[in-house]
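Subject: Structure handover

Hello,

Here is the structure I said I would pass on. My notes on what was found follow it.

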Amino acid sequence: MRTKEMVFAALFAAFIGVLGMIPPIPLGFIPVPITAQTLGIMLAGCFLGKKTAGISLILFIVLVALGLPLLSGGRGGLSVLVGPSAGYIFSWPVAAFCIGYATEKVWPTMKTWKVFIINIVFGVLLVSLIGAPVMALITHTSVWAGLAGASAFLPGDCIKAIIAAVIAVQLKAISPIEDKIRNA
């Protein structure tokens, strides 16, 4: 991994931590709040590419595990990694990697709508399909109830997917993915 990639990974881990400072929107019927951090996950994947995005989110989780209050509401420590949000948090590196992989595949013909679809499939659906069953398991509810509760995130996550797609397309020229393509 080159120095530039390490810097980008660290910057995105910090950026996702900053997004955690935006106050979460608690939902009364599900113990996982609506946060802006999933926007950072989508941006990491479609801007950094698979490897750097995955490493960035692993770094973020390590920092949270060490106790840094980087999650929404100033949460951090090992307890949040075994709580109702654990499945969502652990899905982030997987989602960022998958978004990065798919974005790299469409890079030469990258369009906003393609990145939007990639963000919906991996940044919204994949995160929910991993996070909701884990939340249901931890809260002793049915998986179907967890998935139904996770549907509350869909409208906001779709907006975040659009924002991430637009930003990624606008920043295409300075993306580390562009460097890889150019130097290949």
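**Aromatic rings**

Helix α1 holds both Phe12 and Phe15, which are three residues apart, about one turn of the helix. Helices here are DSSP runs (H or I, at least four residues), strands are runs of E of at least two, and both are numbered from the N terminus. This is a predicted model, in which local features need pLDDT of at least 70 and side-chain atom pairs count only at pLDDT 80 or more, while totals for chains, interfaces and linings use all residues. Residues are numbered from 1 along each chain as its sequence is written, and side-chain values use heavy atoms, with hydrogens and water left out.

The structure holds five aromatic pairs. Rings of Phe, Tyr and Trp (its six-membered ring) pair if their centres lie within 6.5 Å; planes under 30 degrees apart count as stacked, over 60 as edge-to-face and the rest as tilted.

One of the pairs is Phe8 with Phe47, edge-to-face, at 5.6 Å centre to centre and 75° between the planes. This pair links distant parts of the chain, with Phe8 in helix α1 (residues 3-19) and Phe47 in helix α2, 39 residues apart. Phe8 is buried at a relative accessible area of 17%, and Phe47 is buried at 6%. (Buried means under 20% relative accessible area, exposed over 50%, partly exposed in between, with a 1.4 Å probe and protein chains only.)

The ring centres of Phe12 and Phe15 are 6.0 Å apart and their planes stand at 75°, so this pair is edge-to-face. Phe12 is buried, with 12% relative accessibility, whereas Phe15 is partly exposed, at 31%. Ring pairs join Phe8, Phe12, Phe15 and Phe47 into a cluster.

**A charge over a ring**

Lys172 has its charged end over the ring of Trp107, 5.3 Å from the ring centre. The criterion is NZ of Lys or CZ of Arg within 6 Å of the ring centre and within 35 degrees of the ring normal.

The largest cavity holds about 210 Å³ of space, a volume being the space filled by probe spheres set on the points. It is lined by 18 residues, and Val32, Pro33, Thr35, Thr38 and Trp92 are the closest to its centre. Elements giving two or more residues to this lining are β2 (30-34), α2 (37-48), α4 (86-106), α5 (112-139) and α7 (154-170).

Regards

Methods
1 Å grid on protein atoms, 1.4 Å probe; cavity = no way out; pocket = protein on both sides within 12 Å on 5 of 7 lines; lining within 4 Å.
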